Each structure stands twice: as C-alpha cells, then as structure tokens.
Amino acid sequence: MKKNILLLVCCVIAWPIFAQRLLSWTPEFPTDASNITFTVDAAKGNQGLYNYEGGNSQNVYVHVGVLTNLSTGPSDWKYVKFVYGSTDPLAKATPLGSNKYSYTINNIRSFFGVPAAETIRTINVIFRDASGNLKAVNSDGSDMYIPVYGASQFAVRLNLPPFEPRYVPWLEPITATVGSTLTIAGVSSANAALDVSLNGTSVGTIANNNSITVTPTLTTSCEQKVILTGNNGTVISKDSFSFFINPVTNIAALPAGAQEGINYAADNKSATLVLFAPGKTNVTVIGDFSGWQTLCANQMNKTPDGNYFWIKISNLNPGTE
C-alpha cells in the first residue's frame with residue numbers, strides 16, 4: 001500500500017543578522033536609461049571570491065547580461081556583454097577593499113544594446129576571476145539579478161533583513177527569538193507614505209519619504225509576516241517576507257511501542273514519526289500537508305532524555321503517495 005511520504009526538517013537556526021547585502025546597487029530603482037553602480041560583498045553568498053588575492057584583487061571581472069520580456073526563464077540571458085572567462089579590460093571590476101568590488105554601467109539599454117521595443121526585466125550579474133573558475137554569486141550557486149523598473153513605475157522593496165538577489169529574492173537566515181529585536185528597512189522609488197507591519201500590526205510609519213527603518217521587538221513565536229506598504233497618493237505598492245520563531249519545545253515521553261522512523265497506525269490514517277536527534281533543541285515537520293511551510297502545529301515533542309523527537313500526524317489518506 002502506498003503511504004504518505006513525509007519530510008523531517010531540523011529547525012535549529014542561529015545565524016547572525018548581517019547589515020551588508022550580498023549585492024547592493026545605486027540607484028535603488030534603476031530604469032532602462034539609468035546609470036547604475038552595483039557592489040558585491042564577496043564575504044557573503046557562495047564566498048567564491050572571498051579573500052581572493054587578499055580581498056582587494058585587480059583581477060576580478062564581471063559577466064553581465066539581461067532578462068527581457070522575450071526571455072523564457074532565469075537562465076535565458078540576452079545581450080550578454082562579455083565572453084565568459086575573458087580578460088576584456090571593459091569587464092574589469094573596481095576593487096574597494098575588504099572583499100568588495102563594484103562595477104558601473106552607463107545607460108543600461110545602450111550598454112547592452114537592447115532594442116527599444118524590448119522590455120528589460122533584470123540585469124544579471126556574476127563577479128569572477130579571469131578564468132571564470134572562481135565566481136561570486138548567491139549561496140545556492142545561482143546568478144544574481146537586479147530588477148529594472150519602468151520609468152514611471154512606483155515600487156517598494158524591503159532591503160533589511162538582507163536578501164540574496166536570486167531570481168526570486170531569498171531572505172537570508174536570521175536569528176529570531178521572542179524578546180529580541182529585528183531591524184527592518186524598506187525603500188520606495190519615490191516619496192510616499194510608508195508603513196511597516198508585523199503580523200498585521202503597524203510597527204512604524206513615515207510620511208512623504210523614500211525610506212523607512214524600524215526595529216520592533218518580537219513578542220510571539222511561530223509564523224511571522226512583515227509587510228512594507230507604500231502609498232504615493234495614486235498607487236499602493238507592497239513587499240513582504242515571512243519567517244519562523246521556534247516556540248518552547250514540549251517535553252513528552254515516546255508513545256508506547258513507537259520506534260525510530262515512521263510508525264503507521266493500523267488504519268493507515270495517521271503516523272507517529274520518531275527522529276533520533278540528540279543535542280538538537282527544536283524540530284519541526286514539513287510536507288505537503290503543511291504546504292511545505294514551517295508551522296507551530298507541526299513542532300515535534302522532545303523526549304525527557306533529549307535523544308528523540310516525535311509527533312503524530314493525522315488525517316492522512318491511505319493509498320496516497
């Protein structure tokens with residue numbers, strides 16, 4: 001008989017909050033006619049160029065292209081400017097010291113030679129050594145993407161906590177505990193009324209400005225959602241992210257007869273999961289039954305000896321894989 005396949009995830013996250021972004025750029029909301037300077041911090045992401053030639057190398061180059069409305073996906077780069085692995089002097093990045101490198105493009109559309117009828121969606125970026133064997137990209141190895149906006153587009157974006165500039169921006173792991181504070185910073189493409197909310201409650205507002213920073217205290221555990229809202233009087237734009245705060249782990253003995261692994265009930269409508277994980281502090285189960293989200297309802301119990309975690313998952317469908 002087919003049975004539900006469940007995924008166990010150990011949630012013992014204790015990462016610091018970094019103020020520096022892996023890739024930052026000026027202006028924050030470039031259009032296709034903008035001049036743009038972008039800077040990578042090689043100490044972050046995949047660290048492929050970390051301390052390369054002392055962290056202040058004169059031999060770091062960029063590989064750049066764009067995604068347009070004609071691109072079929074994130075790997076379908078258009079109008080690539082340089083040959084990968086070449087030492088074209090026009091591709092050379094400027095060393096800033098401390099493992100940071102920058103590059104400037106004057107007039108994005110002209111630089112790449114994109115026809116006027118084509119819409120530029122993103123600038124795609126890789127920093128690399130001369131051979132291309134070493135490169136600074138996202139921690140998952142993916143390319144970095146800078147969004148390009150319409151000339152009259154009103155938009156907002158959350159910059160802190162820092163995000164990796166993946167095709168879909170990815171929130172870097174953060175330390176989040178009840179009673180701690182979290183710095184949240186957002187920007188807008190034009191002056192507007194800006195508001196930051198945490199779990200549906202406003203934690204900071206500002207009028208007629210293009211940036212906002214708040215540092216709310218985290219008061220509850222489990223699922224958290226931050227929303228940045230900008231209102232320029234005509235258009236409302238939003239950006240958001242979610243994260244999870246581990247609750248206090250419940251201590252409970254293993255059910256009678258439960259063994260390490262998956263213990264199916266006789267009717268195959270429930271299963272008790274038992275994980276051997278000594279030294280861990282908190283474990284949560286995720287799966288299709290939770291929409292692949294971390295939820296407090298699926299936190300595992302910890303045995304009194306600290307060696308095992310267990311949970312009973314109910315309402316399973318017999319015969320469903």
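These legends describe close-up views of a predicted model. Residues are numbered from 1 along each chain as its sequence is written, and side-chain values use heavy atoms, with hydrogens and water left out. Because the model is predicted, local features need pLDDT of at least 70 and side-chain atom pairs count only at pLDDT 80 or more, while totals for chains, interfaces and linings use all residues.

**View 1. The disulfide between Cys-222 and Cys-296.**
A search of the whole structure finds one disulfide (a pair of cysteine sulfur atoms within 2.5 Å). Its sulfurs, from Cys-222 and Cys-296, are 1.6 Å apart. The pair links distant parts of the chain, 74 residues apart. Cys-222 is in strand β15 (residues 222–231), and Cys-296 is in the loop between β19 (283–286) and β20 (301–302). Strands (E, at least two residues) and helices (H or I, at least four) are DSSP runs, numbered from the N terminus. The torsion about the S-S bond is about -100°, so the disulfide is left-handed. Cys-222 is buried, with a relative accessible area of 15%. Cys-296 is buried too, at 17%. Buried means under 20% relative accessible area, exposed over 50%, and partly exposed in between (1.4 Å probe, protein chains only).

**View 2. The salt bridge of Lys-44 and Glu-172.**
The structure holds eight salt bridges. Each is a side-chain nitrogen of Lys or Arg within 4 Å of a carboxyl oxygen of Asp or Glu. One of them joins Lys-44 to Glu-172, at 3.0 Å from N to O. The two residues are 128 residues apart. Lys-44 is in the loop between β3 (36–41) and β4 (60–68). Glu-172 is in the loop between β12 (170–171) and β13 (184–198). Lys-44 has a relative accessible area of 9% and is buried. Glu-172 also counts as buried, at 8%.

**View 3. Arg-166 and its partners Asp-140 and Glu-164.**
Arg-166 forms a salt bridge with Asp-140, the closest N and O atoms being 3.4 Å apart. Arg-166 lies in the loop between β11 (163–164) and β12, and Asp-140 in the loop between β8 (135–136) and β9 (144–147), so the pair ties together parts that are 26 residues apart in sequence. Arg-166 is buried, at 16%. Asp-140 is partly exposed, at 46%. Arg-166 also meets Glu-164 in a salt bridge, at 3.0 Å from N to O. Glu-164 is buried. Arg-166 lies over the face of Trp-170 as well, at 3.9 Å from the ring centre. For a charge to sit over a ring, NZ of Lys or CZ of Arg is within 6 Å of the ring centre and within 35 degrees of the ring normal.

**View 4. The aromatic cluster of Phe-38, Tyr-103 and Phe-127.**
The count comes to nine aromatic pairs. Rings of Phe, Tyr and Trp (its six-membered ring) pair if their centres lie within 6.5 Å; planes under 30 degrees apart count as stacked, over 60 as edge-to-face and the rest as tilted. The ring centres of Phe-38 and Tyr-103 are 5.9 Å apart and the planes are at 45°, so this pair is tilted. Phe-38 is in strand β3 and Tyr-103 in strand β6 (residues 100–105), 65 residues apart. Both residues are buried. Phe-38 and Phe-127 form an edge-to-face pair, with 6.0 Å between centres and 80° between planes. Phe-127 is in strand β7 (residues 120–129), 89 residues from Phe-38. Phe-127 counts as buried, at 0% relative accessibility.
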